[in-house]
Amino acid sequence: MDERDGRGAGELDFWSFVDLAGGRLAEEFGFPHRLATRLLLTLNRASAIVTYDLESTVHRPRGHSWAGFRLLFVTWLAGPLEPGRAAALAGMSRAAVSNLAKTLVADGMLERTRGERDGRSVILALTERGRAAMLEIFAAQHEREKQWADVLSETEQRMLVMLLDKLIEGRTGFDVRERS
């Protein structure tokens, strides 16, 4: 039993944990920015829930991972790409793209061809099978995206996008590490 809130750890749900964490961090450890902690915990939780939902309802049933979908998605829409460019657009490391590409090539979804820049460069492109699959996969994902988005009004959706854009753009004001 936690004497600070009268609940044992087994009785906490995510939101009561966030409240408990904010209080303890501020009162016991002197971290005063409770709202910042709540914002980032909530943002990470929302991202994890949506990602898991899309992966488990759309991608895993079709034999793919969320990461595999992201690589296929950027290759589908941006066209043939070098792995480094695909990694930047998908928010992945080059090593992750390299490993995923091997699997997706073996599955017949991607093809690797020699790039024109030099003898070592490679270009990733969707195969015909990959293009057909992406139409079907994205149709299912798009329907699920709509279900998630419909919880908010159109105005709220635009506001959330605007706020998230502002949060992301604000990273230039301090030393942020990110995949490029």
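**Why the labels fit**

Analyst: Let's start with G68, which is in contact (heavy atoms within 4.5 Å) with L100 and L104, leaving aside its neighbours within four places in sequence. Bear in mind that this is a predicted model, where local features need pLDDT of at least 70, side-chain atom pairs count only at pLDDT 80 or more, and totals for chains, interfaces and linings use all residues. Residues are numbered from 1 along each chain as its sequence is written, and side-chain values use heavy atoms, with hydrogens and water left out.

User: What makes G68 buried or exposed?

Analyst: Its relative accessible area is 3%. Buried means under 20%, exposed over 50%, and partly exposed in between (1.4 Å probe, protein chains only), so G68 is buried. G68 is found in helix α3, where helices (H or I, at least four residues) and strands (E, at least two) are DSSP runs numbered from the N terminus.

User: How do you know that the length of α5 agrees with its number of residues?

Analyst: The expected span is 1.5 Å times one less than the number of residues. For the 13 residues of α5 (94-106), that should come to 18 Å, and the end C-alpha atoms are 18 Å apart, so the two agree.

User: Which residues of α5 are buried, and why say that they line one face?

Analyst: The buried ones are V97, L100, A101 and L104. Just after α5, G108 has a positive phi of about 80 degrees.

User: What makes H64 buried or exposed, and what does H64 touch?

Analyst: H64 has a relative accessible area of 10%, so H64 is buried. H64 lies in the loop between α2 and α3. Apart from neighbours within four places in sequence, H64 is in contact with H59, L72, L104, M109 and I137.

User: Why is the pair D19 and R38 called a salt bridge?

Analyst: The term needs a side-chain nitrogen of Lys or Arg within 4 Å of a carboxyl oxygen of Asp or Glu. D19 and R38 meet at 2.6 Å, N to O, and so form a salt bridge. D19 lies in α1 (14-27) and R38 in α2, so the pair ties together parts that are 19 residues apart in sequence. D19, at 43% relative accessibility, counts as partly exposed, and so does R38 at 31%.

User: How many salt bridges are there, and which one involves R144?

Analyst: A search of the whole structure finds nine salt bridges. R144 pairs with D53, the closest N and O atoms being 2.7 Å apart. That pair links distant parts of the chain, with R144 in α6 (128-149) and D53 in α2, 91 residues apart. R144 has a relative accessible area of 26%, so R144 is partly exposed, whereas D53, with 11%, is buried. K146 and D150 form another salt bridge, with their closest N and O atoms 2.6 Å apart. K146 is partly exposed at 44%, and D150 is partly exposed at 47%.

User: Which residues form the nonpolar surface patch, and what makes L40 buried or partly exposed?

Analyst: L39, L40, L43, V151, L152, L160, L164 and L167 form the patch, with about 630 Å² of accessible area together. Members of a patch need over 30% relative accessible area and no salt bridge, and nonpolar side chains (Val, Leu, Ile, Met, Phe, Trp, Tyr) are joined within 5 Å. L40 sits in α2 and has a relative accessible area of 40%, so L40 is partly exposed. Both α2 (34-59) and α7 (154-169) supply at least two residues each.

Conventions. Patch = residues over 30% accessible without salt bridge, like charges linked within 9 Å, V, L, I, M, F, W, Y side chains within 5 Å. Areas by Shrake-Rupley, 256 points an atom, 1.4 Å probe, with all protein chains shown as cover.
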